[in-house]
Amino acid sequence: MTATDKNLVGHAGAVLLRKCADKAGLTSGLNTVIPRGEGPGWWDRGTVLTSLAVSIALGATNMSDINLLEQQAPVFGDPPSDCTVRRCLTGLDQVILGKIAKARAKARRRVWDLIAGRADGFPWLLVADKLLHGWIVIDLDATLITAHSDKQGAAVTFKKGYGFHPLGAWCANTTESLAMLLREGNAGSNTVSDHIRVLADAIDQIPAKYRRKILVRVDGAGATHDFIEHLHQMNSAFRTVRFTVGWAITAVDETAIAALPTDAWTDSLHQNGEATATAAAAELTGLDTRAEKWLPGLRLIVHRTRPAARHQRNLTDLERATGWRYAITATNITRMWGIAGSHHPQWLDALHRSHATVEDRVRTNKAMGLRNLPSKSWTVNQGWVLAANIAADITAWTRLLGLHDQPDLAHAEPETLRYRLLHLPATLSSHARQRTLKIPETWPWTDAFILCWQRLTALPAPT
């Protein structure tokens with residue numbers, strides 16, 4: 001056995017991610033807004049940030065893992081060092097972060113135009129067999145990141161762990177990570193100002209022509225007077241904002257549930273539109289006096305299902321008496337334009353339950369750089385979170401633009417994508433002033449790799 005680096009390229013799938021970032025105009029856009037510095041040997045900071053995002057997509061968990069990109073040095077040249085990465089992240093103050101957000105939004109606008117130009121068009125969300133055409137769905141959720149050592153901002157969390165409590169927003173249509181706010185570990189779950197800020201940052205990322213119809217979904221952490229009022233006030237002559245929010249059940253709500261007649265319940269819907277008798281939904285509006293005190297016209301939809309064994313110890317007296325476990329959703333939806341039957345309680349119940357897919361976004365983001373924050377410095381960790389979000393975006397764009405019709409890759413999670421495409425080995429050959437990257441012919445996903453490369457290469461250059 002011998003070791004050599006002659007003409008070998010490891011993690012060859014990085015070429016797909018780098019090509020996607022370049023074609024989206026992200027790399028050049030970041031280079032424009034982030035100061036480069038002066039003197040010989042200085043890197044374009046936008047290139048450093050993009051390179052870090054690519055290394056995170058490949059599996060990097062700390063800044064020194066930027067060395068992963070040394071395996072692509074024959075293709076892209078030597079990568080930045082971990083010291084360069086640290087200096088880049090340290091220099092990201094609030095002014096530069098604002099400029100980066102605008103550069104990301106510009107690249108996203110270009111990507112969405114390219115996605116809409118595909119044969120199958122923009123990926124509108126399908127809920128309970130109804131297509132939400134024209135609606136952009138934003139899911140908000142918070143998560144916990146464990147810190148294994150003392151770091152700035154790390155604190156005891158509400159689950160008695162130790163670390164951070166970031167709040168993020170994802171686009172359910174494209175699975176992109178629109179915005180994320182790094183927060184201290186003891187940050188509140190229902191802090192109104194944080195929800196408003198993250199939602200505003202997320203909407204700023206959405207191209208203007210897609211902002212006319214927005215659906216916001218959030219769990220019980222968003223059930224505060226001020227946040228619901230803010231969502232209501234976002235409606236204007238030029239923008240329609242609808243929301244579904246988890247609702248904490250009180251004794252008043254249980255009294256209203258108990259008063260529901262038997263025929264008020266309708267079978268719940270699966271996400272394929274089929275009804276199931278194992279769960280049911282009903283409308284509490286008019287019976288529950290809390291709703292009108294919060295917001296005129298606010299509707300409450302109650303969902304019931306048989307409790308599992310893990311729920312038994314937390315059941316209320318009403319739930320033990322009836323044998324059902326209840327959950328309530330608050331919404332301002334009377335009808336979603338262009339969607340027949342969108343006013344029915346059972347469909348609205350299914351609409352909010354599909355918010356559970358945000359847990360997949362949280363999980364995949366943790367698998368892509370957010371399982372652990374690598375520095376003791378708050379500023380560096382804040383930059384790392386940004387790079388992880390960019391990594392999630394680049395990966396989503398690569399799938400949407402190059403793999404959207406590949407059934408086993410279009411929705412692949414990070415580990416699957418790494419195994420099948422990103423970690424593929426290759427050799428580099430040169431002939432007649434052309435360089436050719438050669439991957440194994442017998443690899444099961446070779447055709448998908450080449451197809452993705454061809455599609456990304458064929459995209460027009462950014463302007």
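This is a predicted model: local features need pLDDT of at least 70, side-chain atom pairs count only at pLDDT 80 or more; totals for chains, interfaces and linings use all residues.
1. In what sense do strand β1 and strand β16 pair, and over how many bridges? The two strands, β1 at residues 8-9 and β16 at residues 426-431, pair in the antiparallel sense over two bridges.

2. Two positions can be looked up in the structure: Ser430 stands opposite Arg435, and His431 stands opposite Gln434. Between β16 and β17 there are two residues, and the two strands form a hairpin. In the turn of this hairpin, Ala432 has a positive phi of about 55 degrees.

3. Put together, the strands make an open sheet of three, in the order β1-β16-β17, with antiparallel pairing. Strands β1 and β17 stand at the edges and have a single partner strand each, so one side of each is left without a neighbour in the sheet.

4. On cavities, a search of the whole structure finds one of 30 Å³ or more. The volume of the largest cavity is about 30 Å³. Its lining consists of Leu16, Thr398, Leu403, Leu417, Leu421 and Leu422. By class, five of the lining residues are nonpolar, one is polar and none is charged. Helix α15, residues 414-422, gives the largest share of this lining, with three residues.

5. The next topic is aromatic rings. A pair of aromatic rings is described by the distance of the centres and the angle of the planes. Eleven aromatic pairs are found in a search of the whole structure. In one of them, the ring centres of Trp247 and Trp294 are 4.7 Å apart and the planes are at 55 degrees, so the pair is tilted. Trp247 belongs to strand β11 (residues 240-247) and Trp294 to helix α10 (residues 290-294), so the pair ties together parts that are 47 residues apart in sequence. Are these two residues buried or exposed? Trp247 is buried, with a relative accessible area of 6%, and Trp294 counts as buried at 15% relative accessibility.

6. Another pair is formed by Tyr419 and Trp445, whose ring centres are 6.3 Å apart. Their planes are at 75 degrees, so the pair is edge-to-face. Tyr419 lies in helix α15, while Trp445 lies in the loop between β17 and α16 (446-458), so the pair ties together parts that are 26 residues apart in sequence. Tyr419 is exposed, because its relative accessible area is 55% and exposed means over 50%. Trp445 is buried, because its relative accessible area is 15% and buried means under 20%.

7. Ring pairs also build a cluster, which links Trp112, Phe122, Trp124 and Tyr210.

8. The last point concerns Trp324 and two arginines. The charged end of Arg304 sits over the ring of Trp324, at 4.3 Å from the ring centre. Arg306 lies over the face of Trp324 as well, and here the distance from the ring centre is 3.6 Å.

Definitions and conventions. Residues are numbered from 1 along each chain as its sequence is written. Side-chain values use heavy atoms; hydrogens and water are left out. Two strands pair if DSSP finds at least two bridges between them. Helices (H or I, at least four residues) and strands (E, at least two) are DSSP runs, numbered from the N terminus. On a 1 Å grid over the protein atoms alone, a cavity is a set of points where a 1.4 Å probe fits but cannot get out, and a pocket is an open set with protein on both sides within 12 Å along at least five of seven lines; lining residues have an atom within 4 Å of a point. Grid points are joined across faces, edges and corners, and a volume is the space filled by probe spheres set on the points. Ala, Val, Leu, Ile, Met, Phe, Trp, Tyr, Cys and Pro count as nonpolar, Asp, Glu, Lys and Arg as charged, and the others, Gly among them, as polar. Rings of Phe, Tyr and Trp (its six-membered ring) pair if their centres lie within 6.5 Å; planes under 30 degrees apart count as stacked, over 60 as edge-to-face and the rest as tilted. Buried means under 20% relative accessible area, exposed over 50%, partly exposed in between (1.4 Å probe, protein chains only). A charge sits over a ring if NZ of Lys or CZ of Arg is within 6 Å of the ring centre and within 35 degrees of the ring normal.
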